[in-house]
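This report describes a protein structure, beginning with the fold and ending with individual residues.

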Amino acid sequence: MNIVETDNFNGDYPDEKFVENLPRLTEVHAKAICAAINGGLPEDNRRYYKVVPDDYELQPGFEP
């Protein structure tokens with residue numbers, strides 16, 4: 001499992017990024033990490049973190 005930083009407002013161009021330098025995670029551990037990070041952020045924070053499978057393809061940001 002991987003953790004991705006993404007847009008909290010469900011935008012069309014979320015400009016996602018994998019969280020770097022993590023060991024291989026089980027789903028339980030990845031969810032616990034995301035819950036800890038997201039729990040420390042304001043509810044209206046621009047970004048949030050989610051758990052995705054290893055083969056997940058990042059969604060790009062806007063490129064004019």
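The sections below treat the overall fold, the surface and charges, the core, the aromatic pair and selected residues.

## Overall fold

The model is predicted, not experimental. The protein contains one helix and three strands, and their order along the sequence is β-β-α-β. Strand β1 spans residues 2–7 and β2 spans 17–18; helix α1 covers 27–39, and strand β3 covers 47–52. Taken along the principal axes, the C-alpha atoms fill a box of roughly 35 × 30 × 15 Å.

Among contacts with a separation of 6 or more, 71% join residues 24 or more positions apart.

## Surface and charges

Of the 64 residues in the protein, 20% count as buried.

The protein carries 6 positive and 13 negative charges. The mean position of the positive charges and that of the negative charges lie 3 Å apart.

## The nonpolar core

Which residues make up the largest nonpolar core? This core has five members, namely I3, L25, A30, C34 and Y49. Each of them is buried, as membership of such a core requires a relative accessible area under 20%.

With neighbours within four places left aside, Y49 is in contact with I3, V4, E5, V19, C34, I37, N38 and L41.

## The aromatic pair

One aromatic pair is present in the structure. The ring centres of Y13 and F62 are 5.2 Å apart and the ring planes stand at 70 degrees, so the arrangement is edge-to-face; the angle exceeds the 60 degrees above which a pair is given that name. Y13 belongs to the loop between β1 and β2, whereas F62 belongs to the segment after β3, so the pair ties together parts that are 49 residues apart in sequence.

How accessible are the two partners, buried or exposed? Y13 is partly exposed, at a relative accessible area of 49%. F62 has a relative accessible area of 56% and is exposed, because the limit for that class is over 50%.

## Positive phi angles in two loops

Two asparagines have a positive phi. N10, in the loop between β1 and β2, has a phi of about 55 degrees although it is not a glycine. N10 counts as exposed, with a relative accessibility of 73%.

N21 is located in the loop between β2 and α1. Its phi is positive as well, at about 60 degrees, and N21 is likewise not a glycine. The relative accessibility of N21 is 78%, so this residue counts as exposed.

V51 is a residue of strand β3 and is partly exposed, with a relative accessible area of 23%. Where along the sequence does V51 find its contacts? Not counting residues up to four places away, V51 touches M1, N2, A30, K31 and C34. The C-alpha atoms of V51 and M1 are 6.7 Å apart in space, although the two residues are 50 positions apart in sequence.

I37 is found in helix α1 and counts as partly exposed at 31% relative accessibility. Between the C-alpha atoms of I37 and Y48, which are 11 residues apart along the chain, the separation is 8.2 Å.

## The segment after β3

With a relative accessibility of 38%, Q59 counts as partly exposed. Leaving aside neighbours within four places in sequence, Q59 is in contact with P14, D15 and E16.

The distance from Q59 to K31 is 20 Å, C-alpha to C-alpha, and these residues are 28 positions apart in sequence.

Notes: Residues numbered from 1 in each chain as written. Predicted model: local features only at pLDDT ≥ 70, side-chain atom pairs only at ≥ 80, totals over all residues. Heavy atoms only, no water. Helix = DSSP H or I, 4+ residues; strand = E, 2+ residues; numbered from the N terminus. Buried < 20%, exposed > 50% of the residue type's maximum accessible area, 1.4 Å probe, protein only. Contact = heavy atoms within 4.5 Å. Lys, Arg positive; Asp, Glu negative; His and termini not counted. Charge placed at Lys NZ, Arg CZ, Asp CG, Glu CD. Phe/Tyr/Trp six-rings, centres within 6.5 Å; stacked < 30°, edge-to-face > 60°. Core = buried A, V, L, I, M, F, W, Y, C linked by side-chain atoms within 4.5 Å.
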